[in-house]
Amino acid sequence: MSIISGFSKFDRNQRLAYIADHSELEVSKILSFNDYCAPDENQHRVFSEMIENYIGNFPTPIGVVTNMIINDEQFIIPFVTEESSVVAAASKAAKYWAERGGFRAEVHTMTKKGQVHFNWNGDPFRMHQIFPQIQGKLLNSTHDLTDKMRQREGGITGLELIDKTNELTDYYQIDVSFKTGDAMGANFINTCLEKIATTLRNLDELNSDQNSVEIIMSILSNYTPECKVRCWVECPLEKLTGWNKDLSCNLFANKFKQSVDIANLDISRAVTHNKGIFNGIDAVLLATGNDCRATAACAHAYASKEGKYKGLTQVTITDKTFRYELEIPLALGTVGGITQIHPLVKSVMAILKFPDASKLMMIAAASGLANNFSAIASLITTGIQSGHMKMHLSNILNQLNATEQERNLTNEYFKNSTVSHSVVYDFIMQIRIIS
Ligand code: MEV
């Protein structure tokens with residue numbers, strides 16, 4: 001083992017040389033990292049300063065979902081994804097629903113939260129008496145930080161003491177609510193929280209010879225149930241035709257409902273069901289430079305809000321109507337973060353016609369619902385593998401370095417046969433033996 005210091009001070013070539021010396025990466029393969037670097041000095045700087053120890057860019061395909069209608073507005077939605085069938089599945093559902101009135105969506109609230117976690121070794125009763133007196137001081141101490149945000153009708157909207165001394169000796173939280181406009185707002189929130197923490201630590205009311213505040217940490221919460229979007233599709237039952245000719249509208253609707261009910265009662269199915277929703281959501285979040293780790297952590301916690309992990313969607317079938325709905329917290333931004341610096345995010349925003357944060361929440365939710373609808377509709381009819389593996393066929397052919405002629409023969413043959421890695425492998429080997 002050799003510990004290295006100062007790796008971050010190396011330039012990119014020095015880093016790659018070090019990696020080649022200390023790993024199994026062949027020297028010739030080092031060059032592949034150059035193939036995916038930014039085309040000019042400026043963009044190279046943007047990427048190399050985005051993270052520490054930068055060695056290159058990691059390409060993932062970007063494609064677009066067409067025919068997406070949300071609240072009567074038509075969108076072309078860029079998706080970044082490595083999974084073969086995701087764009088196709090969302091596009092299929094987008095077109096299906098475009099012919100039935102499109103997706104509808106509404107944003108409920110956009111409130112975010114942060115917490116100052118601290119200990120105070122005084123009498124909890126006294127803390128409850130003092131807190132209302134110091135609330136204003138805590139808030140005022142953030143005024144210069146929140147000035148610009150307040151001009152845009154954002155900033156701090158609430159500040160609440162949470163007494164946790166019954167669970168952990170001397171432990172309290174200050175829950176701070178924020179409105180951050182079109183920014184995801186993580187840095188803004190954290191800066192405000194640290195300011196509140198500093199003020200709290202220095203307040204005479206809480207700090208004396210006998211008692212003192214000990215700040216544990218100050219950080220935003222990625223659990224944002226108050227930053228929520230609802231998205232749904234709805235049509236008369238008799239219009240639920242066309243996905244599969246073998247199923248009547250009623251049978252399709254009922255099987256669909258049962259599959260969603262299963263996700264609500266069984267965790268093993270619920271996780272996969274929700275993963276299908278995230279196929280679309282993450283693809284939009286990556287394309288728009290949003291943080292998909294935060295939204296995934298939040299949505300999975302939200303899926304457990306009733307004490308049991310469930311699917312995030314609901315079906316309602318009434319006499320004449322089928323309605324399918326997703327409700328999900330999504331704290332997104334269209335300004336700040338990398339949205340203004342990543343060269344492709346700028347173009348993605350232009351393709352989306354420069355949505356504000358609330359519209360982006362609706363676009364992401366509709367994309368998630370589209371992917372999920374497509375998955376369920378396939379699962380309850382043809383099964384997922386026929387479509388999935390057809391899309392994956394070209395990945396297998398690429399893995400096998402198939403020639404143009406081999407590709408044509410394989411594509412033709414598998415039009416009517418089930419694709420699997422081993423069957424395709426055997427097929428290609430046969431062709432190679434014969435020729
Ligand atoms: C695959 O990426 C997603 C699905 O497994 C989702 C689902 O099962 O609902 C098809």
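**View 1. Helices that line the second largest pocket.** The helices α5 (86–98), α10, α13 and α14 (385–399) each give at least two residues to the lining of the second largest pocket. Welcome to a predicted model! Here α13 makes the largest share of that lining, with seven residues. The second largest pocket has a volume of about 550 Å³. Its lining counts 30 residues, and A89, A375, S378, I384 and H388 are the closest to its centre. Sorted by class, this lining holds nine nonpolar, 17 polar and four charged residues.

**View 2. The ligand and its shell.** You will find the ligand in the second largest pocket. Around the ligand are E83, R269, T272, H273, K275, G276, N279, A375, L379 and I384. This shell is made up of three nonpolar, four polar and three charged residues. Six of the shell residues come from α10, which gives the most.

**View 3. Polar side chains at the ligand.** A polar side-chain atom of E83 is 2.5 Å from a ligand oxygen atom, and one of K275 is 2.7 Å from a ligand oxygen atom. For N279, a side-chain N or O atom lies 2.9 Å from an oxygen atom of the ligand. The protein buries 87% of the 300 Å² that the ligand exposes when taken alone.

**View 4. The largest pocket.** Its volume is about 1,300 Å³. Among the 42 lining residues, M50, L286, G289, I338 and H342 lie nearest the centre. Helix α12 gives the most to this lining, with four residues. The lining has 27 nonpolar, 13 polar and two charged residues.

Notes. Residues are numbered from 1 along each chain as its sequence is written. This is a predicted model: local features need pLDDT of at least 70, side-chain atom pairs count only at pLDDT 80 or more; totals for chains, interfaces and linings use all residues. Side-chain values use heavy atoms; hydrogens and water are left out. A residue is near a molecule or strand if one of its heavy atoms lies within 4 Å of it. A polar contact is a pair of N or O atoms within 3.5 Å; within protein, one must be able to donate a hydrogen and the other to accept it, and residues adjacent in sequence count only if both atoms are side-chain atoms. Accessible areas come from the Shrake-Rupley method with a 1.4 Å probe; for residues, only the protein chains shown count as cover. On a 1 Å grid over the protein atoms alone, a cavity is a set of points where a 1.4 Å probe fits but cannot get out, and a pocket is an open set with protein on both sides within 12 Å along at least five of seven lines; lining residues have an atom within 4 Å of a point. A molecule sits in a cavity or pocket if more than half of its atoms lie within 2 Å of its grid points. Ala, Val, Leu, Ile, Met, Phe, Trp, Tyr, Cys and Pro count as nonpolar, Asp, Glu, Lys and Arg as charged, and the others, Gly among them, as polar. Grid points are joined across faces, edges and corners, and a volume is the space filled by probe spheres set on the points.
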